[in-house]
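This report covers a nonpolar core, a helix pair and a chain contact.

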Amino acid sequence: MFEVIFLQFLNGLDKGAAYALIALGLTLVFGTLGVVNFAHGALFMLGAFCAVTVRMFLTMETVTVDPTQLSPWGAPLEIREPLVQAWLGDFGAVLVNYSVPFSILITIPIMLLVGIGLERGIIKHFYKRPHAEQILVTFGLAIVAQEVIKSIFGPNPIPQPMPTDLRGAADIGAWLGMQANVITYPIWRLVYFLFAGVVIGAVFAFLQFTTFGMVVRAGMADRETVGLLGINIDRRFTIMFGLAAVVAGVAGVMYTPLLPPNYHIGMDFLVLSFVVVVVGGMGSLPGAVAAGFLLGILQSFASMNQVKAIFPGIDQIIIYLVAVVILLVRPRGLLGRRGVMEA
Amino acid sequence: MNPALMSRNDLFLLLGFTLVVLAMPIWLAPFGAGYPDLLQRFMIYGIFAVGFNILFGLTGYLSFGHAAFFGVGSYTAVWSLKLLTLDAIPALFFAVIISGLFALVIGFLCLRRSGIYFSILTLAFAQMSYNLAYSVLTPITNGETGLQLTLSDPRVIDAAVGHTFVGQPIPTLLGTPIGGYAGFYFCAGFLIITFFIAQRIAGSPFGMMLKAIKSNQTRMQFTGFNTRPYALSAFVISGMYAGLAGALLAVTDPLAGAERMQWTASGEVVLMTILGGVGTLVGPVIGAWIIKYFENILSALNDNILARFFDFLPDGVDTFFVKVIGKFVGDGWHLTLGLVFVIIVIFLPGGIMEGVRRVAAMFDRSGGKTSTRTQAAE
């Protein structure tokens, strides 16, 4: 029984990690700029499609026809060789193999630019307007981003292979000194979980231990006073928006091998992530992370057959159900600060 | 009509609206929209948007879950058509009642919070209904296939009266099948009635109370009003409107699927209301018409039609135009919708109605001749 529970716990981790990353970005934006960003899921999706694009470039190949050899169908054999491999040799092959992690390097500057552009271009004008209008404009932006991606990449999911070394399953049970082959877990999910841990840790460290982070935290607590001290808080908040976009983007990149991205992947995650943010408490970064993992794991437990036998359909609604209960009983969420959005 | 009961402007508005709606098959024909299927959709989504506006426009509560009531209305109507009788009246009646009850329960819980929390609560409830309709409730909703009428349905009342049908069962109104223009006028009647009701609500003391909730709920509470019953009534009324619209959709096209309850469907009615003009009476209806019109017209356009349209341009230039515009029509019409929506929210938060008002004001200042009556009849 313990093994089953432990396995479900592990299964919840990767989804929980994705929720936590998106919710973290949402909370960063809400906590700094006070904007409810419905386009945040679209940023996750854009990140995922950065990975798709990078792989498309990396796998551009030359086709040479070798008449001396025949393919199994009897036609002359076509030899395909990725250009990168031709130019860079073995390193190119590694690059193609590791295209998903490699795309992170390219995604970071792109998402930073997208985030800053979005904030300066549109969202800036919505600070003084009601939350409803912020929701509406970002919702519209999300539709636009989604449709642009759809018209470029088509409506079908585009699978991304994971690096060959990281395929297969890890025997976590054996690592922990339990019986072998009882608790196995796909390596890439483990990688995703660790990656999420690193990103979350980095964001917290950035906010906690750098001067920039200190100023941002001060600005979150009292924007006006920080502004009066002669600090250009607006610019720092803009950068935080870019940072939130980067977090969403890299979360999307690393998730592509687990779930082939299509144009509405962002919306699918967004709705859940909002729920996560609310459960964790609006504006609370630790709350967002904790609630992300908590709900991911809860969802995983709810999809156990034993649980479903007692409450049919619970796996479909558990997250929303938790959100409803939390909102009605404790509106500021699990770790929300007193008085922040406590309506 | 008694002038004390209804102001002149309101009366003109209602009459003008009635005329415009009833004459739709005529004046929409040149735009390629004069066919009953689309006109029925215009009416149905008009009702949906008018109802949504009673909640969002008057009280300011932004619900992201209204599609749930729409879906419940559809399912109830189809079940009534299956179990009781093919007549539309009981179907609509039960749909309104059931979706109203459903809205009462959900509204009672959701209205404990306001602002963004309210939006997320309604969203959560709607997603729960949608997910359940797809999974556990399959015996009721028929899951992905959607609920359909079949020949072997019991139809207790029809059987008792001795009605028998041959061929595909079609919903009827007192014996006449609802389809084509009959279906349109049936829906149009409901749109006009619901519009009238919405007009009366907006002008009544109850409506004033709702508007007061929108502008300052805290002050209302301090002056001793318990605002929640009022907000809840608005929520239930708009839920009933959504149920009626869903039922009409099921009656004119007897197939109910769970995707009607998805949150994108809730988003659509928000788009309609904002596009037309939130808080105005006519705006949401116009928004619904525009979105449904372009959904049908733009999504039907393809590169061939565009190529013919741009034929007069020199070669090369016309293919360029076709390529560029082709991205915005056909499957890509949602892109156009999204862009228009963003532009509206940024520059014209009051929607099309605010645009009309601004243009009218401009004419008033320069010419001073344009009557306010045309504006009232809009």
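Predicted model: local features only at pLDDT ≥ 70, side-chain atom pairs only at ≥ 80, totals over all residues.

Residues are numbered from 1 along each chain as its sequence is written, and chains are lettered from A and ligands numbered from 1 in the order in which they are written.

The largest nonpolar core holds 222 residues, with A:Val275 and B:Phe48 having the most contacts inside it. Such a core is a set of buried Ala, Val, Leu, Ile, Met, Phe, Trp, Tyr and Cys residues joined through C-beta atoms within 7 Å; buried means that 20 or more other C-beta atoms lie within 10 Å of the residue's own, with C-beta atoms placed from the backbone. Helix α11 (residues 227-252) of chain B gives the most to this core, 16 residues. Helices are DSSP runs (H or I, at least four residues) numbered from the N terminus.

In chain A, the axes of α12 (residues 265-280) and α15 (residues 314-329) come within 9 Å and cross at roughly 35 degrees. Axes are lines fitted to C-alpha atoms over the stretch in contact, with angles from 0 to 180 degrees between N-to-C directions.

Contact (C-beta atoms, placed from the backbone, within 7 Å) joins these residues:

| Helix | Contact residues |
|---|---|
| α12(A) | A:Leu272, A:Val275, A:Val278, A:Val279 |
| α15(A) | A:Ile319, A:Tyr320, A:Val322, A:Ala323, A:Ile326, A:Leu327 |

Between the chains, 33 residues of chain A are in contact with 34 residues of chain B. On the chain A side, α6(A) gives the most, with 14 residues.

Notes:
Buried ≥ 20, exposed ≤ 12 C-beta atoms within 10 Å, placed from the backbone. Helix = DSSP H or I, 4+ residues; strand = E, 2+ residues; numbered from the N terminus. Contact = placed C-beta atoms within 7 Å.
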